[in-house]
Amino acid sequence: MNHFLQLSDIDRDQGQWLLVRAAELKRLQRRNEPHRTLEGKVLGMIFDKASTRTRVAFETGMFQLGGHAIFLHASTSQLGRGEPVEDSARVLSSMVDAICIRTFAHETLRRFADYSSVPVINALTDYIHPCQILADVMTFEQHRGNISGRRVAWIGDGNNMAHAWIDGAPIFGYRLRLACPPGYLPDAALIDRACARGAEVELVEHPAEAAEGADLVTTDVWASMGQEEERQQRAAAFAGYRVDGPLMARARPTALFMHCLPAHRGEEVAAEVIDGPQSVVWDEAENRLHSQKALLEMLLL
């Protein structure tokens, strides 16, 4: 049973296959050529958190691949009435061909996967968001070529997106430098494991140091879902971590800017950057569709 709970669940060859296939699927879709490789397959989608890009990408992707997606929210299913995760996993996996889950605790995802008889996909947990990295790497390579050996700068919270960039470094070979404020650092054990697998991952103190010579600068909101009550406290802690014009000027002239969206202009990113010529956030968002279709094929064919 192959699950996709984080990037380290795939190897380098699988990572490269995903990028190549995602680009091919994008070309097929743009040419309106049928590619119904998952006809008759059903994806169950369990979402405890709000979503735009992830949900639309999986639902649209299954439709374009000839399959079907069923959306389940905790408030409208037995999942929200206290049914044990293990029981839900046994029942749902007996009826569908794969399940994607977007939830809070990563441990909930792991417990579900342990009892599922079909592949389980991490559609986001508080710990890590691996599907986003597939789209981000795909986007970089479509604009700048192979990302292996390139410098990626992460500015801001050591959150689930930072963790995904760390976990993906050994798979795709980019060199990662993160600048996060004190108290908001990423999981040190995850960095150690990535470095043990051959990755170059470095924590630095100042955003300017992270951005220096970078080929890609990326960030996320200062207060993610579930952290709304901390927004004022976080705004104070992250005040020096905004990606603006002067910070982008530290990067290479050819550097790209990415954001997993939704973005707050004037907080973690200046409007001049996200709406500027170095920003590829709209391609990045679209590529969620094509990369998640490739992922579904990898797990189901």
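This is a predicted model: local features need pLDDT of at least 70, side-chain atom pairs count only at pLDDT 80 or more; totals for chains, interfaces and linings use all residues.
Is Y174 buried or exposed in this model? Y174 is buried, with a relative accessible area of 1%; buried here means under 20% relative accessible area, exposed over 50%, and partly exposed in between (1.4 Å probe, protein chains only). Residues are numbered from 1 along each chain as its sequence is written, and side-chain values use heavy atoms, with hydrogens and water left out.

**View 1. Helix 6 alongside helix 7.** Axes are lines fitted to C-alpha atoms, for helices over the stretch in contact, and angles run from 0 to 180 degrees between N-to-C directions. On the helix 6 side, look for H163, I166, D167 and P170, which meet L190, I191 and A194 of helix 7. Those residues divide into five nonpolar, one polar and one charged. Nonpolar covers Ala, Val, Leu, Ile, Met, Phe, Trp, Tyr, Cys and Pro, charged covers Asp, Glu, Lys and Arg, and the others, Gly among them, are polar.

**View 2. Helix 1 across helix 6.** Helix 1 (residues 12-30) packs against helix 6 at an angle of about 95°, with the axes 8 Å apart. That makes helix 1 roughly perpendicular to helix 6. R12, G15, Q16 and L19 of helix 1 make the contact with P170, I171 and F172 of helix 6, contact being heavy atoms within 4.5 Å. By type, the residues of this contact come out as four nonpolar, two polar and one charged.

**View 3. F172 and its surroundings.** F172 belongs to helix 6 and, at 3% relative accessibility, counts as buried. What does F172 touch, leaving aside its neighbours within four places in sequence? The contacts are L7, G15, Q16, L19, I133, L134, V137, I147 and S148. A236 sits 64 residues from F172 along the chain, and the C-alpha atoms of the pair are separated by 34 Å.

**View 4. Aromatic pairs.** A pair of aromatic rings is described by the distance of the centres and the angle of the planes. Rings of Phe, Tyr and Trp (its six-membered ring) pair if their centres lie within 6.5 Å; planes under 30 degrees apart are stacked, over 60 edge-to-face, and the rest tilted. By this rule the count comes to five aromatic pairs. The rings of W165 and Y174 have centres 5.1 Å apart and planes at 70°, so this pair is edge-to-face. W165 counts as buried at 0% relative accessibility. W222 and F238 have ring centres 6.1 Å apart and planes at 25°, so that pair is stacked. W222 lies in the loop between strand 8 (216-219) and helix 9 (231-237), and F238 in the loop between helix 9 and helix 10 (245-248), so the pair ties together parts 16 residues apart in sequence. Both W222 and F238 are buried, and Y184, W222, F238 and Y241 form one aromatic cluster.

**View 5. H290 in helix 12.** H290 lies in helix 12 (residues 281-300) and is buried, at 1% relative accessible area. Setting aside neighbours within four places in sequence, H290 is in contact with A22, L25, K26, Q29 and M138.

View 6. Most residues other than glycine have a negative phi, and most peptide bonds are trans. The peptide bond from L261 to P262 is cis, with omega near 0°. L261 also has a positive phi, near 65°. L261 lies in the loop between strand 9 and helix 11 and is buried, with a relative accessible area of 12%. N32 has a positive phi too, near 60°. The place of N32 is in the loop between helix 1 and strand 1 (42-47), and N32 is exposed at 66% relative accessible area.

How values were computed: Helices (H or I, at least four residues) and strands (E, at least two) are DSSP runs, numbered from the N terminus. Angles under 35 degrees count as roughly parallel, over 145 as roughly antiparallel, 65 to 115 as roughly perpendicular and the rest as oblique.
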